[in-house]
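User: I'm new to this one. Can you walk me through it?
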Amino acid sequence: MNIRRVGIVTTGLVTAIVLSNLLTATVGVKKYSESYPAVACPPTASGMSAQVSTESKKTPYRKIAGKTEAFIPVKSSRFTIASDPILLDSADVTSVVWQSRIGIWAGATLCTSPQGEQWFVGGAADVTSKGRIFLVNSGLSEAIVDVAIWSENGTQSDKVLTVRANSFIQVRFDSLAAGQSRLSVRVTPRSGRISAFMVDERGKGLKSLGGDIVNSVESPATNFVISGIPHQILKGKAGSHVLRILVPGNADANIKVDLISKDGVFTPVGLDGRDVQRGTVTDIALNPTIAASAFSLRIHSDQPVVAGVFSSLTIFGHPEFLWNSATPQLVPMTLAVNGLTPTLIFTGETIGLKIQTRLIGGKVVNSTVTGSDIAIWKAPSNSQTIKISGLQPGIYGGGLVTSTNGIGFFPLIPGSALTRAAIPNSNIWVINR
Amino acid sequence: MAESAKRHEGHRVTAILVVHDGATWLPEVVASLVSQSRAIDQTLAVDTGSNDASVRLLKNAHVPFISLPRETGFGAAIAAAIEHIPAPKGEDEWLWFIHDDCAPHPEALQALLDAIENRPQVAIAGPKLRGWYDRTHFLEAGVSIAGNGARWTGLEPHEYDQGQRDGVHEVLAVSTAGMLIRRDVFDELGGFDPNLSLFRDDIDLGWRARVAGHSVIAVTDAIALHAEASASERRRVDVKSAFLHRPLLLDRRNAAYVLLANSSWWLLPWLVLQLFGSALVRAFGYLIAKLPGYAGDEILAVGLLIVHPNLLRDARKIRRSQRLISPRVVSTFIPPRWSQLRLSATRAAEAIRQKILPTSPEPLSALDAPAEDEDLLMPALSTRWRSVFRRPEIVGVLFLLVLTTIWSRHRYGSLDGGALPTSPEGAIDLWQRYADSWHNVGMGSSAATPTWIAVLALASTLMFGKAVFLIATLFWAAPLLLMWSMYSLLRTLTLNSWLAVGASVSYALSPVAISSINSGRLGTIAVLILAPQIARYLPRLAKVENLEWRFIFGLSFLVGVLTSFSLPAYLGIAMIYLIGMIYDARTLRSSGNRELFNTRLVRRIVLIATPFALCLPWSLEALVHPSRLLLEPGLVLAGGSSNLAFIANPGGAGSIPWWFVSPVTLILVVAVFSSTSARKYAEVGLVFLVIATLTSVISFPAHGNALGERLWVGTWLTYVTVAAVCSGVIILDRLRERLAATHFHHRHILAGLVVASTLLYTSAASAWVVSVGSDSPVKADQESVLPAFLTLTPGVKTLVLRSSYSGGLASLAFFIARESDALLGDPDIAPPTSPIIDRAVREMVDGSGLASSKVLSAHGIKYLFMKNPVDNQIVREIDGLGGFVRNSSTQAGIVWRIAGVSERLVFTDATGNSKTLLSGDVGARTSTTGPGFLSLAENFDSSWQIIQNGKKLVRTRGEYGLPQFQSTQAGEFSLIHDGTRRRAWLALQMIVFLTVLVMALPAGRRKREISVEELT
């Protein structure tokens, strides 16, 4: 065998393989665009006031239902929403909206980008109800929305609603499910850029029973946490709580509920393996005997469920209630909280996270939150933004805001998630079978 | 005899022998006349100026004769002879015309007279004519003329006479060779037409006799041998009226004359058309057979008649005066068209059969002469039918037949998917796509349609226009075709059939073959089929100077077909040719033989240039865009990695997994160290393997894909595989004997390794293709991408968005569909999308494109369709933009109607008001209402023209770069895409194609070049 020939052949083949593999790394790079979709903030109902906290005065916004489609700066980092909803280009900062009816009730929610599905657990359509749902179409095309309603009497007839381009509508609960006292609502846009917001306001005659904004969850789940439920003890008497739960699937669910508070973790009586009927909204009374001012619920279910907790409270002497919704696992995020002093409640077996607070003057304060089961952190009074990072896995969080008008809750979830979309390229493949 | 002679009482027979250079046959002819059982009463010969020994022979035979000038025609010679024969008294005189190359059997005259004895209506009788040399060759028994002027005998080519047509038959006419005719009738008809000095005078006479109320019969008991010396060009045609002295010209001219002079007047237009059409077809055939003289004869014959209409007018006048009964009486003797077609088909089939399965002459040996007695006593030998299955070719074919039947179970129907777009319904669609100067693909393209579309169109035409059936059949039969092609190559390398068949089956199941079939790589399949055929002939190019031009053009034609399907294949072969040129240059330097070098150079240049020229103008565009030299037909789908290519697996969708490692690379590496000729194949194979490995990482935009995909290297790997199979067969051929004769060493191990890996791979690949591998991207009757309602409106443009996922990442692609999914050839001619549309779509998807709908509608895009699975985020962004109105949301996807004026042709008047105008797929004819400008939603092209009131409107680029025309006045206008350039290219291509075809086909032989033994 000719050694020279062996050398030539081997060198040629090896060179080809090495060279081709080196070149491979330089090809096939696909390009993507990343962006934070603009978020819609809810409209302000008559007689109410609403403010949205923004990261800066330069944050662009436009009115939905406005004449112009151009974005302009908010000019104030605590921007007042007069009536129409607004579209806010807040990038990766999640803005908190605070709504209140002076001296009667208050509620908090987040400005959110449109989602494929929104589940609301809360509200009533009985004689006390003044609740409504807002459907905001921030797109420039007409939107068609499916609204499905469940109550204590099972599934109600679905509604198909049309929302004109760049506008919003409000639908009162009593027109959706008249007479029903326990509601759960699913909003599914068929088309359009829809963000839904629910306001549960109640009164008895002229007497107000309080109100709140019900925050939504994206989908039913089998394991989730409802964080930051305020537990008020006034004159030795603890406030009442109701766990509202819906099994939207075709099978009954068996649930287990853990109550987590500074006093420890336990399962309330009757909630360790309780059957919940499918298709009907079930209220389960919770009257925990704990000293802690806030607690969380961890729910395990063998079927996907949605749930929320209704809490009766007294704020500065007037009755008020609060809806806590489920929260997904916490991810790094930044909250705009200008004008608010939220208390953040974190739940998890092991809690560890960093909070960077930027104060109105520009000063930055760093904090570290650690603990187990539940940890509570209160923001400085002049906070502009709160940046949460350095998270350990398995932490859930919610925020509570209290004012003289009332109390509000918002889940700690980004209002706008970073979307990564491939840049479209022309390719005739798309019309090949 | 006496009784017969008695019956013939009252008949007097005068034989007139016409002689013209007939010395070759004359002795036998004279002898036959003398030996007639019924003696001829009188014989007179007419010599028309023979230059040979004919006159001397006549004198020696004591045959009385008269001499006439050399240019005297047959009819004139007969007329002159009759003048010398006194009119009979009280007897019917019969004239018996004898050619100097026609020898009647001794009983011929008696049989003729017997036949007419009881048939008083018969005026003309003729014998059965047989060949002069092959005396079983049935030439004719009566003759007629077909509508296209062909001489019609109703016999098959070279029909063997075994009495199958015996009897007395009523016919239109009989040949003048041996024609017996009543003298009074002959005189009554005025003899032969003086305008028919030779050829077809017999048919004319018979036709005139028929319409004059006489009968014409062919008597097969009367036999004559005929050499057909004039028709077969054994002697020069010297008759006066023979223009240029060309027999075929005279024959065709006379045929047309006979038809036009004798047929009913209302048939004349149809006959003229038929004559001219058939002359053109025959001329074309003669051109292909490289017989331009004959082709000219065909055309000239009709032309000669047309320039002399007086001749025809006079002839028809005479015939009208002689006619007693309706000319329709001859219609029963004119062959129906289906008979002509059937005969043509039979001849064509026989020619093909003879080419494919030539009839070998029976070997005759005195040693094994059949002994009839023995045959009767011996039991008949029978072959066990099961022995058929011991033939390797049969086993291989049956194996692949079963395999491909199962493998193709999802591919019975209209195929598409993978790199294969949907096939148009029929061959006409393919031809149209090929000929069109403007293609409605994307925003429109004037790119040259690839030549493979024409090849497919031609093949579809041969399959009764069923393009879909052709594609389905091709994919089904591909493994069998691959095996056949490789087997025919390997038979030149080994005598071991089992080895050749085994290797051929392995080739049919090679990774590149499997991948090509599964992923719809039409080009690679064509290369896989054709490459072994070309490889058969490439070794002969070592002595290119000795090759015939026919071989060179034949090989170029084959490479041209290959090139039409795959430019990389052409590139590979051109590289081999160039290496040959370099070798020639080195030889020139060492030998100094410039003449040899020049001879080789010319031939090699023809070899390189011809395939390229055959694919004009498509191939020319590859010079402008050299990247196309690496591309194959169809959609650009990603091939595999370079590591896959290194093991001869092209990868990509539908390919066999990498762990089915084929032995291709191993064989090449082993063979490159071989001392046999396998080394040369292995060296070529390894070079192509390195090329395939390196090019597999290349990616560039092409074929309607703006991003580009990893290059498919199927063609290079086909060459690699062909080289490996050849090397392997050469190594393994007679290896067993060689190894048995030597001590155990590394060759034993390598041989065992090669055989074992080949067997293992082939078995595993067979199992894979019939199981998992059958679920390929190419499938039958797949659901259309576009929803049905978007395909209903002709020309409607829909922007299709579609997501795909690879490597866990989503990618989004779009394209503009025009009322249908992608069709065959669309990717190859698809234009790149304009940056304006790219931007509009990008901004539409990311939600920032407030003007996207406006841009899209200005391009004539009416709908936006996002195919499922949809990305909800993108849907929300589109919903959030203005100008996109939801139309439907179904399982297929979501359709938006794009707001705005989204028509193809829009007129905007001076006030800015826009109005849509009706237009066809390409052109339009409509009107404007005043000054303004016309916007065409097609890509800008210099061939777009609008002609209004006889003037071309000024063409400019509009806001988005689309064509816009300034109209200064109201009025009707025509929008056209000027296809002159395309037609010119096609004409040039056709000229090249015909030239190469003619040069490649075997040359036809002139009749005088065919031996008389073959003819008669």
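Analyst: Start with a term: two strands pair if DSSP finds at least two bridges between them. Helices (H or I, at least four residues) and strands (E, at least two) are DSSP runs, numbered from the N terminus. This is a predicted model: local features need pLDDT of at least 70, side-chain atom pairs count only at pLDDT 80 or more, and totals for chains, interfaces and linings use all residues. Residues are numbered from 1 along each chain as its sequence is written, while chains are lettered from A and ligands numbered from 1 in the order in which they are written.

User: OK, which residue is the bridge partner of Leu95(B) in S11(B)?
Analyst: Ile181(B). S11(B) covers residues 180-182, and it pairs with S4(B) in the antiparallel sense over three bridges.

User: And in what sense do S1(B) and S4(B) pair?
Analyst: Parallel, over eight bridges. S1(B) is residues 11-19. Val13(B) stands opposite Trp94(B) of S4(B).

User: Is S4(B) mostly covered or mostly open?
Analyst: Mostly covered. S4(B) runs over residues 92-99, and seven of its eight residues are buried. A residue is buried if 20 or more other C-beta atoms, placed from the backbone, lie within 10 Å of its own, exposed if 12 or fewer, and partly exposed in between.

User: Switching to helices. Which residues of H15(B) are buried?
Analyst: Ala427(B), Leu430(B), Arg433(B) and Tyr434(B), in a helix that spans 427-435. They lie on the same side of H15(B), because they cover an arc of only 125 degrees around the axis. That arc is the one of the directions from the helix axis to the C-beta atoms.

User: Why would residues point the same way?
Analyst: An α-helix has 3.6 residues a turn, so residues three or four places apart do that.

User: What covers the buried residues of H15(B)?
Analyst: The cover includes H16 (451-462) and H17 (467-490) of chain B.

User: How many residues of chain B are in contact with chain A?
Analyst: 62 residues of chain B, with 43 residues of chain A. Contact means C-beta atoms, placed from the backbone, within 7 Å. On chain B's side, strand S18 (809-818) gives the largest share, eight residues.

User: And chain A itself?
Analyst: Chain A has two helices and 37 strands. Of its 433 residues, 51% count as buried. Its C-alpha trace spans about 105 × 55 × 55 Å along the principal axes.

Methods:
Two residues are in contact if their C-beta atoms, placed from the backbone, lie within 7 Å.
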